[in-house]
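The exercises below are to be worked with the sequence and the coordinates open. Each one sets a task and is followed by a solution in steps.

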Amino acid sequence: MQHLIQQFIDNQWIESRGQRRLSVMDPYRQTRIAELTAGDSADVDAAVQAARAALPVWQALGGVRRGAYLAAFADALEARRERLVRCSSTNNGKALAEAAIDLDDAIACYRYYAGQAKALEQRQGRRLEHGMAGIEARVFEDPAGVVGLITPWNFPLVTSAWKIAPALAAGCTVVFKPSEVTPLPEVVLAEIALEVGLPAGVLNLLNGDGDGIGAPLSAHPGVDKLSFTGSNAVGEKVMQAAANGVRGVSLELGGKSPILVLDDAEVESAADWVMAGIYFNSGQICSATSRLLVHESLAEPLYQALAERIDALTLGDPLVEGTDMGPMTSARQREAVERYLEIARAEGLVAVRDGRHRDLPDQGEFVAPTLYRDVPTSSRLWREEIFGPVLCAHSVTSEAEAIELANDSPFGLAATVISGDNERARRVGRALRAGSIWFNSEQLVMPEASWGGFGISGIGRELGPWGLAGYLEVKHLIGPEG
Ligand code: NAD
């Protein structure tokens, strides 16, 4: 497969105005599987213009009919299940089973916002309860306008669903830029837009990199609101761009999330949860629980149980059933993680498991699943997001110390508490500073529950009614009764 992926604007595939080309890679086979336009600001102009023209039509359609389109999107994704799971696995490097979970997540998100779109229409113009006699106040929720959506490469189809579905439900029109690293699964959204008869200009998909599309889209005055998922470095640039013209922005950024194993935890099941929180998707998860805080009484048996589980992980071809961990999604990400492993060597960190404990597959951008113990809380590996299969552990002497160290981070995306007592786990969870807290579970995500971070992990919330609210402007109509 060697085709050139272009721009989807106003329901047509058109040639990019840009001349630069990018390679789309299979990170396991290390081969080029497609060519991608890097994009150009003229593409952004054309897409924003199309989205602007489509806005009144899409808004006027109403929530019930917009919801029907979203339900059709969910059905169309479902109908392409096998192809999409393989495509995502090939382009991203994630194991087939993980790609299947992603697709389920995306489908559930489109279905959920199909329902939310209908509910939105039903509540338009509702009367506000208030204490002013003779005065009627009604509440309306209008679309924020044309929205620019930018996503990363770690969960293709998922991070885009979390933005596209609520934006369309709200009545916004969309200019969407997927990651240039994993554009292949996202291209299907254009195919589906045509198949379900989405009005032209409602969903525009621009391919390209940060320079070609991301920066000009963020800076475009015709975009009313920006929603970005990705790194903190780029998120800050998007926010600065949004300041021009006082445009709305929501950010889903990085994390350095803790997992607390309390002294009453059962070691074997704690080890299972710790594994699930860090090695899934080869550790390329914004909500990875990459800082393990374990009570000192359980530290040795837990490290032993983790070492056994790490040794049992099968690394290899993500398209082969039974592979637990595929490669990093790109050579660039492998190199970024390897730089942290060099820092760990320079800092003298003690590895329970790292690349010296196993042979890596002959091909692919692999990093060995790694566990460091007794990591000082001043270490860069403890403090910075690594975005790879690297777990840092630190033992604590009390619950209070675990909570204090868990909260000692500028990030606040997620956290996990493992305890033999659900009530205690809930109590500790309430003391943690993060948007998603799991107890005696890991990485549970549902379209009804919010997603987003405290601190530098972001601004705003996705999913649930909060995700929809991010694409709405609230309006009150107030005057005399009758
Ligand atoms: P990235 O910031 O490098 O890229 C994200 C997107 O921004 C890509 O589409 C990229 O092309 C685009 N971009 C690059 N430069 C730009 C610019 N100047 N202006 C506008 N857009 C630009 O991030 P990544 O490497 O693709 O993804 C990894 C990061 O994403 C990690 O930090 C991870 O924690 C974060 N992430 C967060 C969440 C969350 O929900 N909080 C979810 C997934 C990933």
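Is W438 buried or exposed? The model is a predicted one, and the solution starts from the relative accessible area. For W438 this area is 5%. The cut-off for a buried residue is under 20%, so W438 is buried.

**Exercise 1. Describe the aromatic cluster that contains W438.**

Solution. 
Step 1: find the members. W162, W438 and W451 form one aromatic cluster.
Step 2: take the pair W438 and W451. The ring centres of W438 and W451 are 6.3 Å apart and the planes meet at 40°. Stacked pairs have planes under 30 degrees apart and edge-to-face pairs over 60, so the pair of W438 and W451 is tilted.
Step 3: W438 belongs to strand β20 (residues 436-439), and W451 to the loop between β20 and β21 (454-455), so the pair ties together parts that are 13 residues apart in sequence.

**Exercise 2. Classify the aromatic pair of F73 and Y110, and state which elements it links.**

Solution. 
Step 1: count the pairs. There are eight aromatic pairs in the structure.
Step 2: read the geometry. The rings of F73 and Y110 are 5.5 Å apart, centre to centre, with 20° between the planes, and the pair is stacked.
Step 3: assign the elements. F73 is part of helix α2 (residues 63-79) and Y110 of helix α4 (residues 96-123), so the pair ties together parts 37 residues apart in sequence.
Step 4: check accessibility. Both F73 and Y110 are buried.
Step 5: look at another kind of ring interaction. K225 lies over the face of Y471, 5.6 Å from the ring centre.

**Exercise 3. Work out the surroundings of H130.**

Solution. 
Step 1: locate the residue. H130 sits in the loop between β6 (126-127) and β7 (135-143).
Step 2: list the contacts. With neighbours within four places in sequence set aside, H130 is in contact with I135, E136 and A137.
Step 3: A polar atom of the H130 side chain lies 3.0 Å from the backbone nitrogen of M132. The backbone oxygen of I135 lies 2.9 Å from a polar atom of the H130 side chain.

**Exercise 4. Describe the contact between domain 1 and domain 2.**

Solution. 
Step 1: The domain assignment gives domain 1 as 4-253 + 457-480 and domain 2 as 258-447.
Step 2: take the separation. The C-alpha centres of domain 1 and domain 2 are 31 Å apart.
Step 3: count the residues. Domain 1 gives 32 residues to the contact and domain 2 gives 30 residues.
Step 4: take the area. Domain 1 and domain 2 bury about 2,700 Å² between them, with 57% of it on carbon and sulfur atoms.
Step 5: name the leading contributors. Y28, W153 and S457 supply 25% of the area that domain 1 buries against domain 2, more than any other three residues.

**Exercise 5. Examine the positive phi values of N11 and L463.**

Solution. 
Step 1: take N11. Phi of N11 is near 65°, and N11 is a residue other than glycine. N11 lies in the loop between β2 (7-9) and β3 (12-14), and is buried with a relative accessible area of 18%.
Step 2: take L463. L463 is not a glycine and has a positive phi of about 65°. L463 lies in the loop between β22 (458-459) and α15 (464-469), and is buried with a relative accessible area of 1%.

Conventions
Residues are numbered from 1 along each chain as its sequence is written. This is a predicted model: local features need pLDDT of at least 70, side-chain atom pairs count only at pLDDT 80 or more; totals for chains, interfaces and linings use all residues. Side-chain values use heavy atoms; hydrogens and water are left out. Helices (H or I, at least four residues) and strands (E, at least two) are DSSP runs, numbered from the N terminus. Contact means heavy atoms within 4.5 Å. A polar contact is a pair of N or O atoms within 3.5 Å; within protein, one must be able to donate a hydrogen and the other to accept it, and residues adjacent in sequence count only if both atoms are side-chain atoms. Rings of Phe, Tyr and Trp (its six-membered ring) pair if their centres lie within 6.5 Å; planes under 30 degrees apart count as stacked, over 60 as edge-to-face and the rest as tilted. Buried means under 20% relative accessible area, exposed over 50%, partly exposed in between (1.4 Å probe, protein chains only). A charge sits over a ring if NZ of Lys or CZ of Arg is within 6 Å of the ring centre and within 35 degrees of the ring normal. Domain bounds come from an automatic or database domain assignment. Buried area is the accessible area (1.4 Å probe) that two parts lose on being put together, summed over both.
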